[in-house]
Amino acid sequence: MSTGNEIERERSGSEAEPQIFSARLTPHRSLNRTGFLAVMLFLSAVSFVTGLVFLMMGAWPVFGFFGLDVLVIWWAFKANFRAARASEEIVVTPSELRVRRVSQHGQIVEWTFNPLWVRLDMEIDEDFGIEHLYLISRGHQIQIARFLGPDEKASFYKGLVEALNAARRGPTYNPVT
């Protein structure tokens, strides 16, 4: 059984090893907090004005439903922002390939593979391109790069294959430096 200090020493020792490839993948979100506030302000104003029109016409229950619509949209955006907290980190060094996945709830799952034994596989759809990327090693298969689109997955695949090939070649000796 190892203590926390031993784990820190092990990590600091492996982090001293040069990284061949490192990527932190996160879900794409085109709307930042300022944009969210602007959209919600606009929706609230439009709903309030439209609700007032219905209130003046005597249809007072409609006014409340416009408020509920804004509340539901606010809740949907908040759920979307919570889902954006997920991430995936992939690091390739000469001696290991590490995958660290953080869920939207903060749960962390890590896998460590020997880059000599890892195979990268993909599922391709004829119309859309690469749909899924998998790391396969000794009977274990995990899906990676789930946040990326088909074109981004193709680029990521190419970079990761080059990194795995560099790890398989081993460290190079450069007497000049």
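Start at the N terminus and walk along the protein chain: the elements come in the order α-β-α-α-β-β-β-β-β-β-α. That makes four helices and seven strands, where helices (H or I, at least four residues) and strands (E, at least two) are DSSP runs numbered from the N terminus. Keep in mind that this is a predicted model, so local features need pLDDT of at least 70 and side-chain atom pairs count only at pLDDT 80 or more, while totals for chains, interfaces and linings use all residues. Residues are numbered from 1 along each chain as its sequence is written, and side-chain values use heavy atoms, with hydrogens and water left out.

Now for the chain as a whole. Of its 177 residues, 25% count as buried; buried means under 20% relative accessible area, exposed means over 50%, and partly exposed lies in between (1.4 Å probe, protein chains only). The accessible surface comes to about 12200 Å², and carbon and sulfur atoms hold 59% of that. Accessible areas here come from the Shrake-Rupley method with a 1.4 Å probe, and for residues only the protein chains shown count as cover. Take the contacts (heavy atoms within 4.5 Å) with a separation of 6 or more: 51% of them join residues 24 or more positions apart.

Next, the charged pairs. There are three salt bridges in the structure, each being a side-chain nitrogen of Lys or Arg within 4 Å of a carboxyl oxygen of Asp or Glu. One of them pairs Arg101 with Glu88 at 2.8 Å, N to O.

Arg100 bridges to Glu110, with N and O 3.1 Å apart. Here strand β3, which holds Arg100, is linked to strand β4 (residues 108–113), which holds Glu110, and the two residues are ten apart. Arg100 is partly exposed at 30%, and Glu110 is partly exposed at 43%. The remaining bridge joins Glu96 and Arg98, whose closest N and O atoms are 2.5 Å apart; Glu96 is buried at 15%.

Finally, look for greasy surface. Phe48, Val49, Leu52, Val53, Leu55, Met57 and Trp60 make a nonpolar patch of about 720 Å². Patches are made of residues with over 30% relative accessible area and no salt bridge, with like charges joined within 9 Å and nonpolar side chains (Val, Leu, Ile, Met, Phe, Trp, Tyr) within 5 Å. Helix α2 (residues 33–56) gives the most to this patch, with five residues.
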